[in-house]
Amino acid sequence: MLAPGSTIGILGGGQLGRMMAMAAVQLGYRVAGYAPAGENVAVEVSAYFWEAGWADRNALAEFAAACDVVTWEFENVPLATIAAIPPALLACPARALEVAQDRLSEKQFAENLGGRAAPFARVESDEDFARALERIGAPGILKTAREGYDGKGQWRIASAHEASGVRFPGQPCVYEGMVAFEAEFSVILVRSRDGEVRFWNSTANHHEGGMLAQSTLPAGALIEAQVPEARALAAKIAEALGYVGVLTVEFFATREGPVFNEMAPRVHNSGHWTIEGAATSQFENHIRAIAGLPLGSTKTRFETIEMRNIVGPEALTAHQILAEQGEPHLHLYGKREAREGRKMGHVTRVGRPLS
Ligand code: AMP
């Protein structure tokens, strides 16, 4: 068990790190952050923060020396950065990042454990793309294999005719068949150091332009019927990775059952509702897990819950939400630049308490 006053290192400095740090501080820990220069909104809640490049050996050594345990809030932390941290400090094996950083490897990993993914093919040239189109057909989506997020690095291809106008973007990609889904959901679990697994309820996730816009509970009968199978796969993934902390696996709910989309070895936007909506939030349970503390209950506390992201210039008027009926819970991440498409905050609205 990590003693009170110990220091938890967080790689990455965005809103996920900020909310994780707030939970860590509540539990009596200090936070050391590390991220390249940028608008690192975790700085405000971190006792120490290194703004340095992922390859800066000296800064990494200083950061590691200050930490008792190290976790991440960003799945694209380079593996070479992780390799510079003494393995004994890592809360979770680097393999989780290695698998999740590449869309092909995560799909293969899920399939090897019995999961079902959309048909997919590796695309590294125009010829590969032509072959993939022939085998999988259209509609489909061409995605960069690495570093895409919130719908970025994705090209939707409605028809074979349209595909003829799309060039291979010059970096490894995956082409996947379009899934005719009825709904989208994620399984968020926490796994303790000794292998205990707990799940939060799965919300229905609504995306706009490839980015999560809203998560709601109850998720509806279709999703609820598919959650057990999805949870079983998510738990197998966590176990196979020797995972510790919060892991998220995103699914499409289809007529044929849950289809694996992608995984995130971290807390997730679709779990922000747990701050007010669950007995223990994803952020707190992540900290509890990596600190070796007992896990908290993941029980849902309200009959209905809605979490909505505040994106781009919406943030400029977000304080008006506080005047609404029903006591909305407003979270702003402290970002100064309200750029179009940028996640600036979120608001959670809850219904009647569950007895
Ligand atoms: P991703 O970054 O892969 O999670 O994609 C972002 C969003 O785009 C997903 O949440 C879906 O709404 C949509 N999407 C991605 N891949 C597919 C697919 N193969 N079929 C249908 N919709 C997809």
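How many bridges join strand β2 to β3? Four, and the two strands run parallel. The points below take up this sheet, then the ligand, then the backbone.

1. Basis. This is a predicted model, in which local features need pLDDT of at least 70, side-chain atom pairs count only at pLDDT 80 or more, and totals for chains, interfaces and linings use all residues. Residues are numbered from 1 along each chain as its sequence is written, and side-chain values use heavy atoms, with hydrogens and water left out.

2. The open sheet. Four strands lie in the order β3-β2-β1-β4, with parallel pairing. Strands are DSSP runs of E, at least two residues long; helices are runs of H or I, at least four residues long; both are numbered from the N terminus. Two strands pair if DSSP finds at least two bridges between them. β3 (48-51) and β4 (69-72) stand at the edges with a single partner strand each, so one side of each has no neighbour in the sheet. From one strand to the next, the twist averages 20°. The angles run from 0 to 180 degrees between N-to-C directions, with axes fitted to C-alpha atoms.

3. One bridge in detail. Strand β2 covers residues 30-35. G33 has F49 in β3 as its bridge partner.

4. The ligand shell. The ligand is surrounded by 16 residues. A residue is near if one of its heavy atoms lies within 4 Å. The closest are K143, E176, V179, E184 and E262. Domain 2 (119-177) and domain 3 (183-350) each give at least three residues to the shell; the bounds come from an automatic or database domain assignment. β6 (140-144), β7 (154-157), β8 (173-177) and β14 (257-264) each supply at least two.

5. Polar contacts. These are pairs of N or O atoms within 3.5 Å. A polar side-chain atom of E184 lies 2.6 Å from a ligand oxygen atom. For the side chain of E262, the distance from an N or O atom to a ligand oxygen is 2.7 Å. For a polar side-chain atom of Q154, the distance is 3.0 Å. The ligand alone exposes 470 Å², and the protein buries 95% of that (Shrake-Rupley method, 1.4 Å probe).

6. Backbone points to check. A138 and P139 are joined by a cis peptide bond, with omega about 5°. P139 sits in the loop between α6 (126-136) and β6. The bond from L217 to P218 is also cis, with omega near -5°. P218 lies in the loop between β12 (211-217) and α8 (221-241). E327 is not a glycine, yet its phi is positive, about 50°.

Note on methods:
Polar contact = N/O pair within 3.5 Å; in protein donor to acceptor, adjacent residues only side chain to side chain.
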